[in-house]
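Dear colleague,

I am passing on the structure we spoke about, with the sequence beside it. Please have both open while you read the notes below.

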Amino acid sequence: DTDDAKEMIAEAEMMNPGPWVSHSYAAAENAKCIAKKCDGIDPECAYVMGLLHDIGRREGFSYLRHVVDGYTYLADQGYDDAARICLTHSFQIPDIHTYFGKHDCTTEQAEFLEHYLKRVEYDDYDRLIQLCDAISLPQGAVVMEKRLVDVAMRYGLPDFTLTKWQANFDLKEYFDRRTGCNIYT
């Protein structure tokens with residue numbers, strides 16, 4: 001529930017303060033707002049998943065490892081759906097090699113993530129949090145291009161950049177259709 005998620009974030013912020021916390025709140029608010037316009041997506045559930053998508057950052061600064069850390073933390077507590085979002089939110093294309101940033105997982109973690117991404121079928125919660133991650137800065141909602149440039153400035157531009165960016169724009173178009181409006185409004 002929302003109160004439990006907020007408690008988890010407060011604890012995580014004490015462990016590893018940083019702009020990721022405000023980004024998580026922005027993603028949660030954006031997810032809730034968009035979900036209100038979509039049949040079949042619960043706004044409160046979307047809020048919680050948006051809030052917890054980066055909870056793996058509680059373990060300290062990391063790159064790819066944060067998705068596995070978040071999954072492990074939430075799965076160990078029985079929050080399987082939110083744990084899943086920790087793994088899928090960075091992969092609009094379900095391929096571990098499309099991650100922006102360093103691959104700092106152990107070999108076992110990387111193998112687990114690669115296997116997981118090969119067999120998972122994304123649902124609208126996966127897609128919604130991927131979208132909200134791509135339109136949320138710590139200051140709040142932004143046009144996707146601003147967030148994508150923010151990520152590129154921090155992590156560089158790998159060969160797959162245009163393919164991944166196109167996948168983000170495809171998500172926006174999908175939710176524009178689902179909501180019947182431009183999600184930026």
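The protein chain has nine helices and two strands, where helices (H or I, at least four residues) and strands (E, at least two) are DSSP runs, numbered from the N terminus. Read from the N terminus, the elements follow the order α-α-α-α-α-α-α-β-β-α-α. The radius of gyration of the protein chain, taken over C-alpha atoms, is 15 Å, close to the 16 Å that the globule rule gives for 185 residues, so the chain is as compact as a globular protein of that length; the globule rule is 2.2 Å times the number of residues to the power 0.38. Along its principal axes, the C-alpha trace spans about 45 × 40 × 30 Å.

Before going further, please keep in mind that this is a predicted model, in which local features need pLDDT of at least 70 and side-chain atom pairs count only at pLDDT 80 or more, while totals for chains, interfaces and linings use all residues. Residues are numbered from 1 along each chain as its sequence is written, and side-chain values use heavy atoms, with hydrogens and water left out.

Of the 185 residues, 52% count as buried, which is to say under 20% relative accessible area, whereas exposed is over 50% and partly exposed lies in between (1.4 Å probe, protein chains only). Among contacts (heavy atoms within 4.5 Å) with a separation of 6 or more, 69% come from residues 24 or more positions apart.

What does the interior look like? A nonpolar core here is a set of buried Ala, Val, Leu, Ile, Met, Phe, Trp, Tyr and Cys residues joined through side-chain atoms within 4.5 Å. The largest one has 26 residues, of which Ile34, Ile41, Ala46, Leu128, Leu131 and Phe175 touch the most other members. Two or more residues come from each of helix 2 (19-35), helix 3 (43-52), helix 7 (124-134), helix 8 (144-155) and helix 9 (161-179), and helix 7 gives the most, with six residues. Not counting residues up to four places away in sequence, Leu128 touches Ala31, Ile34, Ala35, Ile41, Ala46 and Phe175. A second, separate core of 17 residues includes Met8, Ile9, Val21 and Cys86.

Finally, Tyr71 sits in helix 4 (residues 65-76) and, at 21% relative accessibility, counts as partly exposed. Leaving aside neighbours within four places in sequence, Tyr71 is in contact with Ala83, Arg84, Cys86, Leu87, Phe112 and Tyr116.

With best wishes
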